[in-house]
Amino acid sequence: MTKILIVEDDPLMRRLYQKIFTFEKYEVETAENGEEGLEKIKKSRPTIILCDIMMPKMNGLEFLDKLKADPDTKKIPVIMLTNLAGQSDAETAMAKGAVKYIVKSEYEPKQIANMVKGVLAGYTRDTVPTVHE
Amino acid sequence: MKNTKSTYIPHSLLFKAIARIVVVGYGSLALSIFVLFTFDAPTAAGLIVIGFSFLFLTLLLFFHFSIITPLRKMILIMNRCRLGEMSVRVQNLTHDEIGVVGETFNTLVDALETSHITLEKEMSTRAKELENRMNRVQQSNLELDKVQSAIINILDDEAHSNESLRKFQLALDNTSDHVVITNTDGEILYANKAVTKITGFQPEEILGKNPRLWGGLMDLEFYQKLWHTIKTEKKSFVGEVRNKRKNGEIYFATTTISPIVDSQGDLLGFVGVERDVTEMKNYQQNLENLVTQRTTELKASIEAMTKGYALFSPTGEVVFYNQKFEDFLGESHTQWTLEKIIGKLENVYDLKSAYLNSLQHTTRDQKIDIEYSGRIYKFTCSPVQDESKTIGVLFLMEDITERRIMERSRDEFFSIASHELRTPLTAIRGNVSLIFDMFGEEIKIPEVKEMLQDIHESSVRLIGIVNDFLNLSRAEMGKIEYKKQEFQLGELIIETIQEYQSAGLTPNVVLEYIEPQTLLPSAYADKDKVREVLVNLIGNALKFTHQGAVTVSVVLSDGNLQVSVADTGTGISLENQNLLFHKFQQATSSLYTRDTTKGTGLGLYISRLIIEGMGGRIWIVRSEVGKGSTFAFTLPIANQGTSGV
């Protein structure tokens, strides 16, 4: 079974995503922030990670850095969840190795599920791309 | 003369009496001596006779010399006096009664002479005066004749006849200006009827008098100048005078005084024309008062302004500034000059250029967000024009610090609120969708299903509004970053149209892209933002079109790419067209009739901000109620200079 880790501080969103992926027959693990997310990963490795950017204690970007720095975890695809104003952060995250970013308010549950499916079907990334400026 | 003679003592009688006594005296003396010598022996009686005779003779002689002679002299002198010789006096006065009589007589004659001289003098003065007067009258008549003929000559060479003079007088009498003709001494020879109207004097009253009768209220300098001009320079004098009417009322008049000069250049007199301008003057005074009042009011208003205000003249003087202006500059000066102000603002604003541009090119300069000594200002420098003539330059300093802080916090509030709204709204929408996804088949009751659908639609609409707000506040704050790139506009249009088509269209409406005949250059813009605008325009067109077609086309126009979106929809009336592209404006103007199902009305406004932000233009090409509308926008094309990114 595909295992998905959802790292999101807002319980409303966390529970919503949890339901979406439970409905889609994933094994769902949740964390309230980056720190908790890292702990969850140590226990059991997920197939894919959905991660919010703005979170207390450890934000999404720091979490991504830690993940990509660890050879054991760097291959796990990470999709960033963001809001409209956080677009520049989302792009930074892409540069740091995230595979996609999703503006939370723009999509219906089904579309989000499809996006995750698409990522899983397509590829997993091994390397961090270099940033072009 | 007989009377006069009888009042005097007949001097011959006295004289004869004395003469007789003398003769008798001498006779008896001579007789005694004869007797004495004839009778050889002097007898005592003879000696006594001789002695008495001698005594008597001596007495007689004494009388003759000390009384008779002075008396005779006095009588002579009196007679001379009587004949009019007033300079004679009694000489060698003795210290006796005769002398006293002589002195008294002299005093009498002195007094007589004095009164006589006075009388004579008076007589001659009177005679002279009389003569002068006669002369003057004669001269006046002469002058009047000369003046009249001169005037006639001036007016009309042929008009020597009395008829002309009469006409001339008639003309003068009928004018409302008062005309006075004087001789060279300023004595009035002629005055027309208007003189009464203006001065209150009848013409007859003032003939021969000086116009000072109603004038003379101006200062000495004025009259000196007047006389110098008309008498010495022989030129006309024009001035404004303050005169007094017969009833004491002060009036104002413009006066023109011209010398009358004959052909030899000799001065004959003067013509003065006076026009009563009291009413005009009063009117002018009222006007001036009004101007002063308005100026005071205006100054007070300017002082009360919250803006710093300074007015410069075209020659660079500081005409006026208010207290706020000094407060803002943070320095008070007894005499501000333009240079000082320019120097003071040197580091933040080029006032010199702004001033010169205002003056020379009548351009208005406005700079916002100028930071000066810890505050934020808006500076405005604009020409002050009076019938297309620049009469000054106005410089305004407006402290916008508070406003900026307010705006910033408002924008931040807007932004934060939008974000905070979006998460719960997304949760509502997501959960309702999920209910349909997970349990759709289990919802048996149609009402429940409809209620859930309405909740979903509400959340969708709300998210749309919040997104618009957020986009708007970011666009207005200039926070939108445009990631410009080269791309084929045609491809983007086709993609967008396909999205709409796959989402499903109203059955009777066609959405199509009319491909251009020739290959068009690439656009240089932010592709995602252009997509937003296209979605907005096509979305609007589809919303308001119930039958027909929505067509999108691209042409090259003036070196730009021009995209047009035309529909066959409801159209927009002319008055409502003006409201488009503004905040919260839907084409239906009223707040009550706005169609809230069709968006916030922010779409076109945001589109405008986006297109303008990328250097393009957006506008309504045409619109007619019932026939449809066409909207267009332009985008810059990619060229050598810009495509290298």
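This dialogue walks through a few features of a predicted model.

User: What are the ground rules for reading it?
Analyst: The model is predicted: local features need pLDDT of at least 70, side-chain atom pairs count only at pLDDT 80 or more, and totals for chains, interfaces and linings use all residues. Residues are numbered from 1 along each chain as its sequence is written, chains are lettered from A and ligands numbered from 1 in the order written, and side-chain values use heavy atoms, without hydrogens and water.

User: How do strand faces read in β3 of chain B?
Analyst: In a regular strand, side chains alternate between the two faces of the sheet. Strands (E, at least two residues) are DSSP runs, numbered from the N terminus. β3(B) spans residues 237-244. Its covered face holds B:Phe237, B:Gly239, B:Val241 and B:Asn243. The uncovered face holds B:Val238, B:Glu240, B:Arg242 and B:Lys244.

User: Which strand is joined to β3(B), and by how many bridges?
Analyst: Strands pair if DSSP finds at least two bridges between them. Here eight bridges join β3(B) to β4(B), residues 250-261, and the two run antiparallel. B:Phe237 stands opposite B:Ile257.

User: Is A:Cys51 buried or exposed?
Analyst: Buried means under 20% relative accessible area, exposed over 50%, partly exposed in between (1.4 Å probe, protein chains only). A:Cys51 is buried, at 0%. B:Cys381 is also buried, at 0%.

Definitions and conventions
Helices (H or I, at least four residues) and strands (E, at least two) are DSSP runs, numbered from the N terminus.
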